[in-house]
Amino acid sequence: MAKTLEEINQKIRRGQVVVVTAEEMVDVVAEKGPKKAAQDIDVVTTGTFGAMCSSGMMINLGHSRPRIKFGGGQVRLNRVPAYAGLAAVDVYLGATALPDEDPRNAVFPGEFRYGGAHVIEDLVAGRRVLLEATTYGTDCYPRRQISTWITLSEVNEAYLFNPRNSYQNYNVAVNKSDRTIYTYMGTLKPRLGCANYCSAGQLSPLLNDPTYRTVGIGTRIFLGGGLGYVVWQGTQHSPAAKRNERDIPVAGAGTLAVVGDLKQMSARWLRGGSFRGYGTTLMVGLGLPIPVLDEDVAAQTGVSDADIQAPVIDYSHTYPNREPDVITRVSYAELKTGSIQVDGKTIPTTPLSSYPLAREIAGTVKDWIASGKFELSGAVAPLPGAESGMMAGPMPDHAPDKTE
Amino acid sequence: MKVSHKVVLHFPPIVVEQPVIYHLARDYDLAFNILKASISPQEEGIMVIELSGEDADFQRANDYLAKQGIRTQPLLQDIRRNDDRCVHCGACVGVCPSEALTLERPSMRVIFRADECVACGECVPTCPVAAMELHF
């Protein structure tokens, strides 16, 4: 007997909903089987906390007197360039933007201590940020230069608008070369010296709804400590990735584009991150509830780390040259023992996303639902699924011809 | 009573040329293990060294070092984790050579044991959220 979303939301309003985290659901399904689990459990909550580079904030500064128009000019927040090609005082600041004066990798590996992501953290934490802009003047927007401190509470809209978050699975990075390399998957020791992975595994949102049966456009989520929504598929959404017998992708597959009001978020769940030799990124806390509509959903939310495999990929040559080689596949259960076997060698493993914080997020969403504060929103439109055949493709490669 | 201490020695320029470590071993019977040394004639030198031996010898050696104008400080104070900043991502664990930073399983929390730390400093730029602090 299937449940509907409305039935589940009624139970939430009555304070009678039965909600567990995805980690708890592993045991529930293992003990009772998916059919009984589907009868007993109404909602499963998921969570993840890790570096999500394709993140940024959309902000409307409010108009100055006299008015100024940023588009076509330059805007900086705490010396970090922001994007201004929109309406007069609409600005977008991305996580990986760096101040002009940051030396980057001039002295290798660079430290990248402060970028767009750190500005976002500063604002969410209530700290003031310096807005500086120069631009051309118009009759309607005569001002050409401005410099002012701002805080989050003083501006108009400020919303997190992340084009790619919550990756459904990801690579395990190793380094086959003879020198240490510095990547977005961390510092990788030479000659298969370590294996770094980045996923919440059995707690991960899209790994608990691998075919996007319940998650879709409009799904209400935990984002950065506050509420947010899935608004589109994320960039590089690749639902047609190879999947195992449980329909779980064995490589990075689906992604989510998400939005939420920055003013109700918290710096505990939005942190500026620096990856040595690589750059800055935003560490984002994200979680979402999955309504247990039927036995199939129950079975999928019962997924454990042992059921999810990830591809081990060389980041010294294979990844930078966009070659397809996968050395081997390992499960997250194996990765979390602390070592894996690759090419007959025992390699220590290192996580990059925080499982303890992912657990805390799933627990927080569970509490919100149990206390009646959070009702599930259904998807108003689905995300493209595997049957769409969608896979992220390469950049167009047509070098301009001198004779054209 | 046998003791073992990791200490940081700060050498003023004039002392850099003297075989201080040799004297520590020969005159005060202390076994030594140099963990890190950064010394140049123009500036103050810093050496991270593990010294092991009898407690009484260690105290006398401390007096000798002080008389040479060498400042000592226990290593324990040098690398600290800011617990408010740490997100337990685990990135530091991969670069720690002495297993001062490890993962507790199954909680996956990062544990920092200061007495295992050799203050190599690798965790400081590796930590994505600048939770590891180097104090000299």
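How many Å separate the centres of domain 1 of chain A and domain 2 of chain A, taken over C-alpha atoms? In this predicted model, the answer is 32 Å.

**View 1. The two domains of chain A.** Each domain of chain A is assigned from two stretches of sequence: 5-52 + 160-374 for domain 1, and 58-104 + 113-156 for domain 2. Taken over C-alpha atoms, the centres of these domains lie 32 Å apart.

**View 2. Where domain 1 of chain A meets domain 2.** Here 14 residues of domain 2 of chain A are in contact with 15 residues of domain 1 of chain A. On the domain 1 side, strand E19 (270-275) and strand E20 (279-287) of chain A each supply at least two of the touching residues. E19(A) gives the largest share of that side, with five residues. Sorted by class, the domain 1 side has seven polar, six nonpolar and two charged residues.

**View 3. A:Leu93 and the nonpolar core.** Take a look at the largest nonpolar core, which has 143 residues. A:Leu93 is among those with the most contacts inside this core, along with A:Val43, A:Ile120, A:Val172, A:Ala195 and B:Cys92. Leaving aside neighbours within four places in sequence, A:Leu93 is in contact with A:Ile120 itself, and also with A:Gly56, A:Met57, A:Ile59, A:Leu77, A:Val80, A:Ala82, A:Gly116 and A:Val119.

**View 4. Chain B against chain A.** Between the chains, 23 residues of chain A are in contact with 18 residues of chain B. The chain B side of this meeting divides into eleven nonpolar, five polar and two charged residues.

Technical notes:
Residues are numbered from 1 along each chain as its sequence is written. Chains are lettered from A and ligands numbered from 1 in the order in which they are written. This is a predicted model: local features need pLDDT of at least 70, side-chain atom pairs count only at pLDDT 80 or more; totals for chains, interfaces and linings use all residues. A nonpolar core is a set of buried Ala, Val, Leu, Ile, Met, Phe, Trp, Tyr and Cys residues joined through C-beta atoms within 7 Å. A residue is buried if 20 or more other C-beta atoms lie within 10 Å of its own, exposed if 12 or fewer, and partly exposed in between; C-beta atoms are placed from the backbone. Two residues are in contact if their C-beta atoms, placed from the backbone, lie within 7 Å. Domain bounds come from an automatic or database domain assignment. Helices (H or I, at least four residues) and strands (E, at least two) are DSSP runs, numbered from the N terminus. Ala, Val, Leu, Ile, Met, Phe, Trp, Tyr, Cys and Pro count as nonpolar, Asp, Glu, Lys and Arg as charged, and the others, Gly among them, as polar.
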